[in-house]
Amino acid sequence: MKLFQAYLLLLLFFSLTVTPPAIAKYAKIGCSDRCGNVMIPFPFGIGAKCSINQWYIVDCKNSRPYLPALNNLEVLRVNLVSQTVTVSTPRITDCQNPVRKSSEIMGVDLGGSPFWFSKPHNKFVLEGCGMALMVMENGSVATGCSTACLNVTTGNRNNCFGNGCCQMAIPQHLKSYSINITGLEEGEGACGSAFLVEDETSYVQADSPYPFLFTNTSFTPVSLLWTLTDSDQLTCCNHESPQWRFVDMFDGTRIDTWKCDPSVYFYDEQSWNPYLTDGCKDDGM
């Protein structure tokens, strides 16, 4: 009996002295941090009370997250380190374009939102034979490329440098753009597809001699830079003050945004969030 009592006292001692493991923080307390297979970290949030402002509200419908403030663009992932959110945007296809006539089509307009098309994370792509692409911003040509269709081999099928496909970097962070597709070759008409796409993404189709041609998808992932201002009243983990980040626009201007330090010593993208006061990982963990 005494042995049993001593055993109980020992268990009580360990229960009082052993500190329970810290609980990982990713979303605000009381908020869901996942919609389907997509993690939704603060400053984004599922529901109005879970985000930093209305632009960052996420609607979770049928296990798929959307940004209602951006015409319900679907969220594919959020990266707290690069301060980007990857969304699904429609491709622009023009297969009824008369010969040598141009067709200008508007892309997604981010308007007065705190989001920008990220320069280092995106590229423009044109696929098709004998096509020219001009990307317009505020009525001026921002960038462009053209294609021809020559015999290609399996060895260069993954290239996109003018043979059935061309690509170019965006000149700067953009709020909006339009795409002008022009047919260059004689015939009944030109058929091409143009789109902005996240630079890390590959859409090679196994039976196509071109890297992007005829891929069966009407949407492509695009990376958006998200920004925070003084009005957002941001406080970082451990009540640290946020850092002021200057983003070079490459046209003589800049974007100013607040950013919490995603130090590797305190940050684990799947569990911890420097944008929450209790979101830092402890040194001893």
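What follows is a working chat about a predicted model of one protein chain.

Reader: What does the secondary structure of the protein chain come to?

Author: The model is predicted, and the chain has 1 helix and 19 strands.

Reader: What share of the residues is buried?

Author: Of the 285 residues in the protein chain, 47% are buried.

Reader: What part of the contacts comes from residues 24 or more positions apart?

Author: Taking contacts with a separation of 6 or more, 66% are between residues 24 or more positions apart.

Reader: Let's do the open sheet. In what order do the 7 strands run?

Author: The order is E3-E4-E5-E6-E7-E17-E10, and the pairing is mixed. Strands E3 (45-46) and E10 (115-117) each have a single partner strand, so they stand at the edges and one side of each lacks a neighbour in the sheet.

Reader: Start at E3, then. Is the pairing of E3 and E4 parallel or antiparallel?

Author: E3 pairs with E4 (residues 57-61) in the parallel sense, over 2 bridges. In that pairing, Ile46 has Val58 of E4 as its bridge partner.

Reader: And E4 with E5, in which sense do they pair?

Author: Antiparallel, with 3 bridges between E4 and E5 (residues 64-67). Cys60 stands opposite Pro65 in E5.

Reader: How many residues sit between the strands in the hairpin of E4 and E5?

Author: There are 2 residues between them, and Asn62 in this hairpin takes a positive phi near 55°.

Reader: Moving along, how many bridges join E5 to E6?

Author: E5 and E6 run antiparallel and are joined by 2 bridges. Tyr66 has Glu74 in E6 as its bridge partner. The hairpin of E5 and E6 has 5 residues between the strands, and there Asn71 takes a positive phi near 55°.

Reader: Where does Ser82 lie?

Author: Ser82 is in the loop that connects strand E6 (73-79) and strand E7 (84-90).

Reader: What does the side chain of Ser82 make a polar contact with?

Author: With the side chain of Thr84, at 2.6 Å. Setting aside neighbours within four places in sequence, Ser82 also touches His121, Leu225, Arg245 and Lys259.

Reader: Change of topic. How many residues are in the largest nonpolar core?

Author: That core has 46 residues. Phe44, Val85, Phe115, Phe117, Phe124, Leu224 and Trp226 have the most contacts inside it.

Reader: Take Leu224. Which residues is Leu224 in contact with, leaving aside neighbours within four places in sequence?

Author: Among them are Leu70, Val85, Val87 and Leu110. The list for Leu224 also includes Phe115, Trp116, Phe117 and Ser118.

Reader: Disulfides next. How many does the structure hold?

Author: The structure holds 5 disulfides. One of them joins Cys31 to Cys50, with an S to S distance of 2.0 Å.

Reader: What parts does the pair of Cys31 and Cys50 tie together?

Author: Cys31 is in the loop between helix H1 (2-17) and strand E1 (34-35), while Cys50 is in the loop between E3 and E4, so the pair ties together parts 19 residues apart in sequence.

Reader: Why is the disulfide of Cys31 and Cys50 left-handed?

Author: Because the torsion about the S-S bond of Cys31 and Cys50 is about -90°. Cys50 is buried, with a relative accessible area of 9%.

Reader: What about the link of Cys160 and Cys165, is it left-handed or right-handed?

Author: Left-handed, with -70° about the S-S bond of Cys160 and Cys165. The S to S distance there is 1.9 Å, and both Cys160 and Cys165 are buried.

Reader: And Cys236, which cysteine does a disulfide join it to?

Author: Cys260, at 2.1 Å from S to S. Cys236 is in the loop between strand E17 (219-226) and strand E18 (243-248), and Cys260 is in the segment after strand E19 (254-259), so the pair ties together parts 24 residues apart in sequence. The link of Cys236 and Cys260 is left-handed, with -90° about the S-S bond. Both Cys236 and Cys260 are buried.

Reader: Last one. Is Glu127 buried or exposed?

Author: Glu127 counts as buried, because its relative accessibility is 4% and the cut-off for buried is under 20%. Glu127 has its place in strand E11 (residues 122-128).

Reader: How far apart are the C-alpha atoms of Glu127 and Ala194?

Author: They are separated by 6.4 Å, though Glu127 and Ala194 are 67 residues apart along the chain.

Technical notes
Residues numbered from 1 in each chain as written. Predicted model: local features only at pLDDT ≥ 70, side-chain atom pairs only at ≥ 80, totals over all residues. Heavy atoms only, no water. Pairing = 2+ DSSP bridges. Helix = DSSP H or I, 4+ residues; strand = E, 2+ residues; numbered from the N terminus. Polar contact = N/O pair within 3.5 Å; in protein donor to acceptor, adjacent residues only side chain to side chain. Contact = heavy atoms within 4.5 Å. Core = buried A, V, L, I, M, F, W, Y, C linked by side-chain atoms within 4.5 Å. Buried < 20%, exposed > 50% of the residue type's maximum accessible area, 1.4 Å probe, protein only. Disulfide = S-S within 2.5 Å.
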